[in-house]
Amino acid sequence: MSTFDAAPVALIVHAHPEPHSFSTAQMTTAARTLREAGYRVDVLDLYAEGWAPVLDRQEFAPVVGHFKPQAEQMRAVKDGSLDTTVGEHLDRLLAADLLVLSFPMWWFSLPAILKGWIDRVFVMGGVFGGDHGLFDDAALAGKRAMLLLTTGGSSESFRPGGALGPMNEFLFHIHRGMLEFVGYQVLDPVVTYGPAHMTDQERTAALDTVRESVALVAADLPTAVR
Ligand SMILES: Cc1cc2nc3c(=O)[nH]c(=O)nc-3n(C[C@H](O)[C@H](O)[C@H](O)COP(=O)(O)O)c2cc1C
């Protein structure tokens, strides 16, 4: 095996429609930092690729009778008939030691394009269920995942007792229900609060903080809780 093959792999799945957004700058900073730390970085830019987020019956072989999406996913994994793009993305997911989901917080959750990526690519029979179990018995056990996000709200508003409520409570359904569910060890999220209200200088400092946090992740050290 060559040195290149031995490098850990990070898959960054990015979901922002604007290439000049702060969120995209944050993703680019994370990718560069991971590369500098020796990672092979695979960036999946969902808007740029025109990812179709809607899980529907058309992506499966003709379904006779009642359509049960997860049963069809299991069948497609078994007989090798997964939708080509879904199969390619699943291969990229399984190849990664570290998954980074990069997005702006929309309605206290993921943008629909990214939620739809989870719907279609976190395939039953491929990452959990079937030959795999759930949580520590799922296919991605032993791998790490983290959220890299921006918000409109301020950091004060996301503190316990703040106007919105604690950030970790909003992220629980992603951390527990999506990432831990398929086996990942979930790392502390890296969050930039309210980049739209920052000066250029503050944005530069915020990107420096992202770089420092991601460098800690690359070194397998805990990131500071912010
Ligand atoms: C559809 C939509 C929903 C949003 N929902 C939230 C939200 O729930 N909480 C929040 O803090 N900001 C929310 N925002 C604001 C974005 O999170 C914010 O504009 C973005 O993270 C800033 O980063 P950017 O400049 O890279 O887009 C929302 C924005 C949009 C477009």
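**From the chain end to the ligand shell**

With 11 C-beta neighbours inside 10 Å, D220 counts as exposed, because a residue is exposed when 12 or fewer other C-beta atoms lie within 10 Å of its own. The model in which this count was made is a predicted one. D220 sits in the segment that follows helix 8, which covers residues 200-218. A second residue, M198, is 22 residues from D220 in sequence, and the C-alpha atoms of the two are 30 Å apart in space.

The next step is the chain as a whole. Its secondary structure amounts to eight helices and six strands. Read from the N terminus, the order of these elements is α-β-α-β-α-α-α-β-α-β-α-β-β-α. The radius of gyration of the chain is 18 Å, close to the 17 Å given by the globule rule for 226 residues, so the chain is as compact as a globular protein of that length. Along the principal axes, the C-alpha atoms fill a box of roughly 60 × 45 × 30 Å. Of the 226 residues, 36% count as buried.

How much of the contact in the chain comes from residues 24 or more positions apart? Among contacts with a separation of 6 or more, such residues account for 77%.

The UniProt record, in an unreviewed entry, lists residues 11-212 as "domain: Flavodoxin-like fold". In the model, this span is 39% helix and 15% strand, and its end C-alpha atoms lie 19 Å apart.

Two strands can now be taken together. Strand 3 consists of residues 98-104, and it pairs with strand 4 in the parallel sense over seven bridges. One of the bridge pairs is P104 with T150, the latter in strand 4. Is strand 4 mostly covered or mostly open? Strand 4 is mostly covered, with seven of its eight residues buried.

L99 belongs to strand 3. L99 is buried, because 23 other C-beta atoms lie within 10 Å and the cut-off for buried is 20 or more. Leaving out residues up to four places away in sequence, L99 touches L11, L93, A145 and Y184. L99 and R144 are 45 residues apart along the chain, yet their C-alpha atoms are separated by 6.4 Å.

Most residues other than glycine have a negative phi. W107, which is not a glycine, has a positive phi, near 50°. F108 is not a glycine either, and its phi is positive at about 60°. F108 has 15 C-beta neighbours inside 10 Å, so F108 counts as partly exposed.

The last stop is the ligand. Around it stand 15 residues, and the closest are S23, P104, T150, G152 and G153. The elements that give two or more residues to this shell are helix 2 (22-36) and strand 4 (144-151). What is the make-up of the shell in nonpolar, polar and charged residues? Eight are nonpolar, seven are polar and none is charged.

Note on methods: Residues numbered from 1 in each chain as written. Predicted model: local features only at pLDDT ≥ 70, side-chain atom pairs only at ≥ 80, totals over all residues. Near = placed C-beta within 6 Å. Helix = DSSP H or I, 4+ residues; strand = E, 2+ residues; numbered from the N terminus. Nonpolar A, V, L, I, M, F, W, Y, C, P; charged D, E, K, R; others polar. UniProt positions renumbered as here; feature names shortened; annotations may be inferred. Rg over C-alpha atoms; globule rule 2.2 N^0.38 Å. Contact = placed C-beta atoms within 7 Å. Pairing = 2+ DSSP bridges.
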